[in-house]
Amino acid sequence: MKKFFAVAVLVMILVFCAPAIIGIRAEARYQLAIDRIQQSGLAVISRSYNRGWFGSTAKTGIVFVGAKGSSADKKTDTLHLTLLSTISHGPLVSSGFGLAEISSEIEFPEHWIPLPDYPAQIHTLVDFDGRGHTRINLPAADIAGSEQLPDISFGGVTGEIDFDIAGNIEIHLILHSLGVGNAGKKLIELGETRLDSKSHSGDSGLMLGSGELKVQRLILHDQGQNEQFAVRELAVDLESSEEAEQVRAVASYRLERIEAGGAVYGPGLLRVELSRLSAPVLVRLQQAMEEIKNQAMSDAQRGMAMMGIVMGVGSELLKNDPAIAIKPLRLITPDGTVEGEISLRAEGLSLAELSNMRALAGKLVADLSLRMPEKLFRTMLIQQTRLQVERKISTMIEQGAEAPALEPGQLQQLVERQVDEQLSHWLSQQIIERDGEDLATVASLSSGLLTVNGKTIPLPQ
């Protein structure tokens, strides 16, 4: 009888004490999750965690990076949200046994999104081994506009997130729709948008993996409700991997069509690959960027700080002879098809040699192949030349010099004449060649020699 009583007392002590002990581990897991949030590109501006015996509460302030004044002392003026979480300690949770069960709500500032009773549902179960599963359900809502905010029609977000203590994360999210308007008129329409990704922590600590973002449609309207620009069936695939302390990253873009100015472009395809990037250098770069992100500074100051960091690690990044390749590039236009391939890699290039044309040309290996409808190329060249002429005239006026007074028709004639002369010069020099209704060029750079369409072109000294 005494043994039974002693065992019963021991069991009661374990049952009573277990939630408090588990609560310590639950807090560690929660703080790890917040750290992951920061790695995803958001900035945590405040956090508090009150651990109790059978449960805990947490409050975390999150601001979107790059938002104006994104610092803790100005959070009332920034685009931010607060994550309110109630953590129930195990070992007993709603699904049986587990480390913790977390129910979270999102609280928006009323001057940004006036939804004080918005029933956002974010529910997370964490197992004893650190694995967890999150279900997300943000219901649809219509938000009336104000002086600070336009009309918003939010179709809701649903999805799931699986994670573990090793840093593996699998995400499946669906934004069902989003509309932005003003005075009852739609300005932006975003159709169903899906995000599917798998990521893990590489040997260097970088987050690597693969993901796909699909956008059903994106439509921009003007105030007259005319469709000005539309993108339909856009897909972005991302993939990154690490081997022998070198990182390779690939981004592929596919779209069914673009509608702009009454013209239809597409289908289109673009693939960009970066290779031979130093993983340890990227880790240091990421850490430095995160430190800047969490500091209170203006956008200009943040930009200068980031530029300084990039320049600081530039030499080490170049040691691995990084390379970039764009292959394929293809877009069907109303005037014909644009297609091409571009590759560029460094061979023993140092940061100091970037400002030395002769040294730079001798340390780069590049290949280019491009074909474009002449009509499209000429249109683009006219637009660029017109901007240059207008900028030159404005500069002359600002400096008090006598500038030519040109009527719109005269300005257009001047621009077209310059474009015709430029095209004739390039054709005569065989920098570009006509092939039917297209213009084409094939170029390569190696050992300091530039070859264009089979002809060696002297490089500027």
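Student: Which residues in α2 meet which residues in α3?

Tutor: On the α2 side they are Val281, Leu282, Arg284, Leu285, Ala288, Met289, Ile292 and Lys293. They meet Arg302, Ala305, Met306, Ile309, Val310, Val313, Glu316 and Leu317 in α3. Contact here means heavy atoms within 4.5 Å. The model is predicted, so local features need pLDDT of at least 70 and side-chain atom pairs count only at pLDDT 80 or more, while totals for chains, interfaces and linings use all residues. Residues are numbered from 1 along each chain as its sequence is written, and side-chain values use heavy atoms, with hydrogens and water left out.

Student: How do I describe the way α2 and α3 lie together?

Tutor: Two packed helices are described by the angle between their axes and the distance between the axes. The axes of α2 (residues 279–293) and α3 (residues 299–318) come within 10 Å and cross at roughly 170°. Therefore α2 is roughly antiparallel to α3. The classes are roughly parallel under 35 degrees, roughly antiparallel over 145, roughly perpendicular from 65 to 115, and oblique for the rest. The axes are lines fitted to C-alpha atoms, for helices over the stretch in contact, and angles run from 0 to 180 degrees between N-to-C directions. Helices (H or I, at least four residues) and strands (E, at least two) are DSSP runs numbered from the N terminus.

Student: At what angle do α5 and α6 cross?

Tutor: The axes of α5 (residues 374–398) and α6 (residues 408–428) cross at roughly 120° and come within 9 Å. So α5 is oblique to α6. Contact residues include Phe377, Leu381 and Val389 of α5, and Leu411, Val415 and Trp426 of α6. The residues of this contact divide into ten nonpolar, four polar and five charged.

Student: How many salt bridges does the structure hold?

Tutor: Side chains of opposite charge can pair when their charged atoms come close. The structure holds 18 salt bridges, each a side-chain nitrogen of Lys or Arg within 4 Å of a carboxyl oxygen of Asp or Glu. In one of them, Glu259 pairs with Arg232, with the closest N and O atoms 2.9 Å apart. Glu259 is in strand β18 (residues 246–260) and Arg232 in strand β17 (residues 227–243), so the pair ties together parts 27 residues apart in sequence.

Student: Is Glu259 buried or exposed?

Tutor: Glu259 counts as buried because its relative accessibility is 17%. Buried means under 20% relative accessible area, exposed over 50%, and partly exposed in between (1.4 Å probe, protein chains only). Arg232, at 22%, is partly exposed.

Student: Which residue forms a salt bridge with Glu374?

Tutor: Arg434 does, with the closest N and O atoms 2.9 Å apart. The pair links distant parts of the chain, since Glu374 is in helix α5 and Arg434 in strand β24 (residues 433–435), 60 residues apart. Glu374 is buried at 16% relative accessibility, whereas Arg434 is exposed at 52%. Elsewhere, salt bridges that share partners join Glu212, Asp237 and Arg254 into one network.

Key:
Nonpolar A, V, L, I, M, F, W, Y, C, P; charged D, E, K, R; others polar.
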